[in-house]
Amino acid sequence: CVSAVQIVQLEGECKELLFLMDFEKSIEPQDVPITAVALDSDGAPSLSLSFSALEEAKAQSPYSAPLRYLYEPAPAFQKSGAFKIMATRFGLNKLHPNTHLYTGDKLEEAFPGRIFEVQAICSVQKKELKDILPAMKANLSVRNFSLSPDELRKKLGIKDGGKTTLFACDTLESGNILIQCVKT
C-alpha cells in the first residue's frame, strides 16, 4: 500500500520519515519513489533527491582513493539509502561500498551535504598523523571504522575543535586511513 516515501531534514537533522499510503492501487516495492529533502529554516525545500529502490540496485558506483574533494551526505540523504545513486548522479566515486563518503576532483556545489577539500591522507598512526597535523587538534568523524570517535581520539591523542576535520574511514584501496580536510 506504500505509494511514496519521503525523508525530511530540517536544520541538519533528519526529522520525519513519511509514508504515503494508497489502498486503491498497488506499486511494486522496488518502484516506490523515495525522496530525501532538506528544508531551510523557513521550511522551504533547499535540496532534494528522488529515486526508486530499483534505480539504486541497478546503479554502478565507481570506487577510488580520496581525490581533491570529499563529500559527506546530509542526514536525510544518508537515511534514504541512495548510496550508489549519490555517486552516479553527481559524478563522484565512493571510497568503499560501506563507507558512505564520496570523492571527486571537481567541486560539485549542488551535492546535498557537506563538502571538504582534502589536505592530506595518512595511516592510523599517531606519528604519521603528527606530521600532517602538528597541533593534534581537529573535529573527528568516523565512517565504517572499527573504533568509535572517543576511542580513536584517545588512541591518537587528538584534541577536539578547530577548522580541520579528520575523517577516519575504511577505503577499498588502502584499508583504514585518516583524511585531513577543511570545509569548502
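Predicted model: local features only at pLDDT ≥ 70, side-chain atom pairs only at ≥ 80, totals over all residues.
Residues are numbered from 1 along each chain as its sequence is written, and side-chain values use heavy atoms, with hydrogens and water left out. Local features need pLDDT of at least 70 and side-chain atom pairs count only at pLDDT 80 or more, while totals for chains, interfaces and linings use all residues.

**Overall build**

The protein has five helices and eleven strands; helices (H or I, at least four residues) and strands (E, at least two) are DSSP runs numbered from the N terminus. Its C-alpha trace spans about 65 × 35 × 30 Å along the principal axes. Of the 184 residues, 42% count as buried; buried means under 20% relative accessible area, exposed over 50%, and partly exposed in between (1.4 Å probe, protein chains only). Among contacts (heavy atoms within 4.5 Å) with a separation of 6 or more, 64% join residues 24 or more positions apart. The protein exposes about 9800 Å², and carbon and sulfur atoms supply 50% of that area, computed by the Shrake-Rupley method with a 1.4 Å probe.

**Nonpolar cores**

A nonpolar core is a set of buried Ala, Val, Leu, Ile, Met, Phe, Trp, Tyr and Cys residues joined through side-chain atoms within 4.5 Å. The largest one has 23 residues, and Y71, F77, M86, Y102 and F111 have the most contacts inside it. Two or more residues each come from strand 1 (2-10), strand 3 (33-39), strand 4 (45-52), strand 5 (69-73), helix 2 (75-79) and helix 3 (83-90). Helix 3 gives the largest share, four residues.

Beyond its neighbours within four places in sequence, Y102 is in contact with Y69, L70, Y71, P73, A82, F83, M86, A87, L92, N93, K94 and F111. A second, separate core has 15 residues, including C122, L156, L166 and L178.

E11 and M136 are not glycines, yet E11 has a positive phi, as does M136.

| Residue | Phi | Loop | Relative accessible area |
|---|---|---|---|
| E11 | about 50° | between strand 1 and strand 2 (13-21) | 62% |
| M136 | about 55° | between helix 4 (126-132) and strand 9 (139-143) | 4% |

Are these residues buried or exposed? E11 is exposed, whereas M136 is buried.
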